[in-house]
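Hi,

Here is the structure I promised to pass along.

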Amino acid sequence: MLEKLTDVQLDAIKEVGNIGTGNAATALSMMLDKKVDISVPQVKVVPISKIPFLFEKPEEVVCSVKMELKEDMTGEILLIFEPNTVRIIAKALTGMEVNDVTELDEFTSSMLKEIGNIMCGSYVTALAGFTNLFINPEPPELTIDMISAIISEISIPLAMAGEESIMLIETLIEIEGIEQKLQGYLLLVPSVESLEKLLKALGM
């Protein structure tokens, strides 16, 4: 069903993303005590099997923050960061170098989870406000694993429902004092029933 989304529908979802990331940038600015800008270059529908190949090294370990969605919309939303992005964010938070993302200390893990909570939660809040749907996100879960393993876990219920694609919301994060733009991937994984509700609520 997702692959049938039109450019107009994707633009509407991108606009929701811009609202959500604007709110997230404000919250992250307060958290980091630095100016933060977050933009949404594009929203696209991607075959689930292609997701790992968006990353430079498909078998590399990444950090994922996942929130389960309940009530009017069921499914999941995930934020995925590549290791280099995690290292840069960790240094901005703690001033410490992180060599191995599989060995993050408790403070850094907690902060990454909170960043995921802010970004995913802001998007869900914007989506709920845009559609008048009641969406209740569960507390965030941090997973550090290969991208293929993370995608495999979320693809099983989709495959059972006959869905082979996923909604990818690209985000670029700019933090004051850091030259490099940081890329994150928001994956919106609504159930088939919820996707129908979402499109109807968006007037489509």
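Let's start with Met 30, which sits in helix α1. Keep in mind that this is a predicted model. Is Met 30 buried or exposed? The relative accessible area of Met 30 comes out at 69%, so this residue counts as exposed, the cut-off for that being over 50%. If you go looking for Leu 188 from there, Met 30 and Leu 188 are 158 residues apart in sequence, and their C-alpha atoms are 26 Å apart in space.

Helix α1 covers residues 7-32, and its axis comes within 8 Å of the axis of helix α3, residues 106-131. The two axes cross at roughly 140°, so α1 and α3 are oblique to each other. The crossing of α1 past α3 is right-handed. On the α1 side, the contact includes Ala 12, Ile 13, Val 16, Gly 17 and Met 31; on the α3 side, Met 111, Glu 114, Ile 115 and Phe 130 are among the residues involved. By type, the residues of this contact split into 16 nonpolar, four polar and one charged.

Helix α3 also packs against helix α2 (residues 83-94), at an angle of about 110° and with the axes 10 Å apart. That makes α2 and α3 roughly perpendicular to each other, because angles of 65 to 115 degrees are counted that way. From α2, the contact is made by Val 86, Ile 89, Ala 90, Leu 93 and Thr 94. The α3 residues facing them are Phe 107, Thr 108, Met 111, Leu 112 and Ile 115. Here the tally is eight nonpolar, two polar and no charged.

On to the strands. Which strands does β3 pair with? Strand β3 (residues 61-71) runs antiparallel to β4 (residues 75-81), joined by seven bridges, and Ser 64 stands opposite Ile 80 in β4. With three residues between them, β3 and β4 form a hairpin. Six bridges link β3 to β6 (residues 141-146), again antiparallel, and there Cys 63 stands opposite Ile 144. β3 also pairs with β5 (residues 135-137) in the antiparallel sense, over three bridges; in that pairing, Lys 70 has Asn 136 as its bridge partner.

Happy to go over any of this with you.

Cheers

Definitions and conventions: Residues are numbered from 1 along each chain as its sequence is written. This is a predicted model: local features need pLDDT of at least 70, side-chain atom pairs count only at pLDDT 80 or more; totals for chains, interfaces and linings use all residues. Side-chain values use heavy atoms; hydrogens and water are left out. Axes are lines fitted to C-alpha atoms, for helices over the stretch in contact, and angles run from 0 to 180 degrees between N-to-C directions. Helices (H or I, at least four residues) and strands (E, at least two) are DSSP runs, numbered from the N terminus. Angles under 35 degrees count as roughly parallel, over 145 as roughly antiparallel, 65 to 115 as roughly perpendicular and the rest as oblique. A crossing is left-handed if the near helix is turned anticlockwise from the far one by less than a right angle, and right-handed if clockwise. Contact means heavy atoms within 4.5 Å. Ala, Val, Leu, Ile, Met, Phe, Trp, Tyr, Cys and Pro count as nonpolar, Asp, Glu, Lys and Arg as charged, and the others, Gly among them, as polar. Two strands pair if DSSP finds at least two bridges between them. Buried means under 20% relative accessible area, exposed over 50%, partly exposed in between (1.4 Å probe, protein chains only).
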